[in-house]
Amino acid sequence: MSLPDEVARLKREALERIGKTDSLASLKELQVLYLGRKGLLTAVLKGLKDLPVDERRHVGGQANQCRRQLEEEFKQAAGRFASPASHTLIDPTLPGTGQRLGAAHIVSQTIDEICRIFYGMGFEIARGPDVETDYYNFEALNFPPDHPARDMQDTFFVEGGRLLRTHTTPVQSRELEKRKPPMKIITPGKCFRNEAISTRAHVSFHQVDGFLVDEDVSMADMKGALVAFCKAFFGEGLKLKFRPSYFPFTEPSAEVDIQCFLCRGKGCRVCQHTGWLEILGCGMIDPAVLEKAGHDPEKYTGYAFGVGVERPAMLKYRIDDIRLFFNNDVRFLRQFI
Amino acid sequence: MKISYNWLRELTGLDWSPEEMGDRLTLCGTACEHIESTARYMDRVLVAEVSELHPVPGADKIQRAVVDTGSERLDVICGAPNVAVGQKVPLATIGATLAGDIKITKAKIRGVVSYGMICSERELGLSDDHSGILVLDPDAPAGKSLVEYLDFDDYMLTFELTPNRPDSMSAIGIARDLAALASLKVTRPTVDLSESAESASDFISVSIDDPLACPRYAARVIRNVKVAPSPWWIRKKLWTAGIRPISNVVDITNLVMLECGHPLHAFDLDRFGSDRVVVRRARDKEKFVTLDGSEHELTENVLLITNGITGVAAAGVMGGMDSEVEDNTTNVLLEAAFFDASIIRKSRKELGIVSESSSRFEKGADPNGIEYAIDRAADLFCRVCGGEVLSTVVDCYPGRIEPKTIDFRPRRCNTVLGTDISTDRMRRIFTDLEFGVGGSETLEVTVPTFRPDIEREIDLIEEVVRIEGFDSVEDSVVNIGALFTPTHYEDHFNSEMRHVLLGTGFDEMVGHGLADSRFASLLNPDLPQVRITNPVSEELNIMRNSLVHTALGVIGHNLAHRNMDLRLFEIGKAYFPPADTSDFHEEERVVLAVTGSTPRGWRGNVRPLDFYDLTGALECLVDHFRWPQFKFTPRRISFLDESLSFRITAGNQPVGWVGRIPGNLARKTDIKQSVLVAELVLAPLIAVSGSLVQFRPLPVYPAAPRDLAIVVDQRVSAGEIVECVRQAAGDLAESVNIFDLYAGEQIEKGKKSVAISISYRSPSGSLSGDAVDEKQRLVTGSLKQMLLAEIRDK
Ligand SMILES: [Zn+2]
């Protein structure tokens, strides 16, 4: 092979290997291998002295050009591996400055999440007072006075003959009275129960109730809507169990259990080894409730449901003490940022 | 409520496993919560004979018993008062685990090595009776396992019943649902009663003063009963129901109650005190001693069974001490009555007693179940206690309560459920539930009086879906109802406010809404409070009338846990009682609070969070919602420090306050560092929010910036300076900003140096230097004149 050809080959080979290096160290090695004092190019050029003077000058010029070109290539390639410090004083591992983001309370986040799902199905929001009348909280919802069903809900009473609502269903009583069907409403809010405060119970909690009244609403519609909600909120692929229950304002009434999303039904501590979690109550609005609000129960039917907020949040995030929600300890709040 | 699994099998003939039975019942509305084996504490428990008893030196409460298991004789220490030589007893041997997690090991007690334990009912998990050991029959074979001897391989099913289903508070009631699920019929125990010639009516008469409270009262007389412990088959049924066996007479009334759901009461006829039963309301302050020995002073809310003179039983709740059945009772007056649910509810509340009887009556018993209940009990008195049942039921039932007949449209049922169940299937469900069915297109369903919860067609529809199962209802995928979701500005408003504040770095709190009246009075002495009449504690006895209350509590909690740097907000309600003509009033508010310092970071500049951190966040809200004329005016606010206390107005309406919490108030919630709060009332802010933005064309001509430094009295506010500049410069002043503020060295005491940058711009052309200078002269002139400012050279 002629000397110029040899130089050209070395150049091609060097360029190819520069392209393939993956670290600064190996690049440096490569540079020494080709351009070092005992490098390959130097070795080839040793043959220059054997050439005629004219040719020597010509080939020598070519070789020097090749060396400069390779030196430039090595420099360029080294740039790929340069550490930031070698360029500027920016350290991206330092935390950025400016405002930190505040943490949304997990109760509001959960309410938002539930409401968003029902918005998607065409429900609108309505709200009502926390300090309620006996009429809207109980009587309009078909709780007869002095009935055992009232014992199911330990009630706080306030001076002036009112009470603290025990569920957000009184908003249903009020809206039913005010409007004409079709109605498709959810009622998020605070509720109160006169219970001793413990890890499992608090005097206050949140609920999202909802109801739909129209012509020809059936239990199948209710099941469809609630199954869709559970899928959206808890995730796909979990079995649901509707079992008959009792609420004075719905008939038939049901409670819905969902297959435990932690153990997928196998049984664990959270589901108390039953494989199921109780998540909501529902039913067809009792005709007496519709009638009290001035709607013809032969013409209109409807369904109603109530979803807790703290309880599903506790299950979902494995929070083991309901008091944490109301202590508002920032170490708790900022976990859910 | 607990019921024996074997009992349910006996009544239905079903061979389902306990788990299947529990699951199927749960899915038809009788929720089975728990299944336990009756033998769970009987492993390694044997029948043994007490052969010898010896005192233990130095211990007079315990004895050393030598017990014989047939294969060996063991020493065991026993403390029961009723242990005696020759008794057959249940012996827990080493390795057994009894109720209450008692593990039997070889144990040395007072120098005696004990090789087991003679068990009480409680230790065997049968009842709460721990008064002595369980004594077995004399012929019990020593060495046999207790489970085998008692033939007690059973399960206790625990049910969580809904208050509308009194009928399922009995074995037959639950069996009826079970049978209906399998399209079977319940087999009730047959009653084969042989009555004596004498008539009970010769011994007792019944009169009812208040037939609304007591629509029916029936009585039988049984003579010559022999009171003794019940046979095992009765005791086992009571045990699985969690009821303590007492004696055959009492146990039979309890057994029949468990069986058919109707509470009965047995009086000792010889101690009844007369030959007549009079049912009446108690007189005010009338005294009565219940059989648990406690004396009650009654009111007319209590219905009383009397002997014409004094009370003998609190009707439907508990019997009296004086006529209680005792060991020497021979003649029994057996009561089977029907009391109105609401009077029993009132009675038991007044007496403070909840009994098996009251909990059944107050949910609604069956007035027509009395015949079966009283005859079944009489039959057992005869067969088990050797009693002689007199003929005639003395039955006072002035107005017979008839079963209701309800029209039922199968089509309507399918419409409401969204199902396609055949009429024949519905008819079958009703007959399986022991309802009568007539009619063809519209069914006429006769509902027995044991189902007081069924009054209307919709209640029958529920029966259909309950037995058919919710799985028969498809999940419709049609989204019905209104298709458009109107949204309300209030909802957006709250949600947007939350997100703006989160963006400014404040953490969100959620309060429970209850508060402490005393602390609230310290914060706002003149503000009325909504008082809770039955609070859980004195610290939670009102509804909060300010969100500051909650914020201080939360800050106190956090500081106590060494979370020292806080920026918090809450959007929630404050509550007010009616005033003059107004009703109860709830006000949505937002509270912001800061305490401590900005976070320590690598750029240093840690500084205490202060007033401007609060107003900075508020200004983000002002910008977002475009609240007009948002202003702070010094004003004394009861819960704020005099030196830092402002009223906030927007659009000239008062909307809130901002300032520092004084030290004495802060200390009440264990806060020892400076806390600043702002509270806004949302309603007036919503009213002035969200004005429509009017687009201004982007500027075409260049701006001319000018800076200006002045020295003014410290009391002159930044707002006044900016306003003064704007007035003087007019429309040409595009923006006026304060960019430096200084007081201290080189500035006269009581004064401050203020640097102002003004940007001049005209929409109609480039401003000449002269024009700007002219404006600037007006501005300096005005500042000198209006604010007595001294213009500093640049
Ligand atoms: Zn689980």
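Me: How is chain A divided into domains?
Reply: In this predicted model, chain A has domain 1, covering 3-82, and domain 2, covering 106-336.

Me: How far apart do the C-alpha centres of those two domains of chain A lie?
Reply: The C-alpha centres of domain 1 and domain 2 of chain A are separated by 79 Å.

Me: And chain B, what are its domains?
Reply: Chain B is split into domain 1 (2-38 + 156-181), domain 2 (45-153), domain 3 (195-396), domain 4 (404-468), domain 5 (489-687) and domain 6 (704-792). For domain 4 and domain 5 of chain B, the distance between C-alpha centres is 57 Å.

Me: On to the interface. How many residues does each chain bring to the contact?
Reply: Chain B contributes 81 residues and chain A contributes 88 residues.

Me: What area is buried between them?
Reply: About 7000 Å² is buried between chain B and chain A, and carbon and sulfur atoms account for 55% of that area. On the side of chain B, the residues that lose the most area to chain A are Arg345(B), Phe470(B) and Val510(B), which together make up 10% of what that side buries.

Me: Why quote an area at all?
Reply: Accessible area lost when the parts come together is often used to express the size of an interface.

Me: How many salt bridges are there between chain B and chain A?
Reply: There are nine salt bridges between the two chains. One of them pairs Asp507(B) with Arg100(A), where the closest N and O atoms are 3.4 Å apart.

Me: Which helix of chain B gives the most to the side that touches chain A?
Reply: That is helix α12 of chain B, residues 457-468, which supplies six residues.

Me: What is the make-up of that whole side of chain B, by residue type?
Reply: The side of chain B that touches chain A consists of 32 nonpolar, 25 polar and 24 charged residues.

Me: And how many residue pairs are in polar contact across the interface?
Reply: Counting pairs with both residues at pLDDT 80 or more, 47 residue pairs are in polar contact between chain B and chain A.

Me: Changing topic to the backbone: where are the cis peptide bonds in chain A?
Reply: One joins Pro181(A) and Pro182(A), with omega about 0°. Pro182(A) sits in the loop between α9 (169-178) and β5 (183-192) of chain A. Another joins Glu251(A) and Pro252(A), with omega about -10°. Pro252(A) belongs to strand β8 of chain A, residues 250-259.

Me: What about the phi of Arg318(A)?
Reply: Arg318(A) has a positive phi, near 55°, although the residue is not glycine. Arg318(A) is found in the loop between α12 (310-317) and α13 (323-327) of chain A.

Me: Why do such features deserve a remark?
Reply: Most peptide bonds are trans, and most residues other than glycine have a negative phi.

Me: Finally, confidence. What does the model score overall?
Reply: The ipTM is 0.87 and the pTM is 0.84.

Me: And what is the mean pLDDT of each chain?
Reply: Chain B has a mean pLDDT of 93, with 100% of its residues at 70 or more. Chain A has a mean of 89, with 97% of its residues scoring at least 70.

Key: Residues numbered from 1 in each chain as written. Chains lettered and ligands numbered in written order. Predicted model: local features only at pLDDT ≥ 70, side-chain atom pairs only at ≥ 80, totals over all residues. Heavy atoms only, no water. Domains from an automatic or database assignment. Contact = heavy atoms within 4.5 Å. Buried area = accessible area lost by both parts, 1.4 Å probe. Salt bridge = Lys/Arg side-chain N within 4 Å of Asp/Glu carboxyl O. Polar contact = N/O pair within 3.5 Å; in protein donor to acceptor, adjacent residues only side chain to side chain. Helix = DSSP H or I, 4+ residues; strand = E, 2+ residues; numbered from the N terminus. Nonpolar A, V, L, I, M, F, W, Y, C, P; charged D, E, K, R; others polar. pLDDT = per-residue confidence, 0-100.
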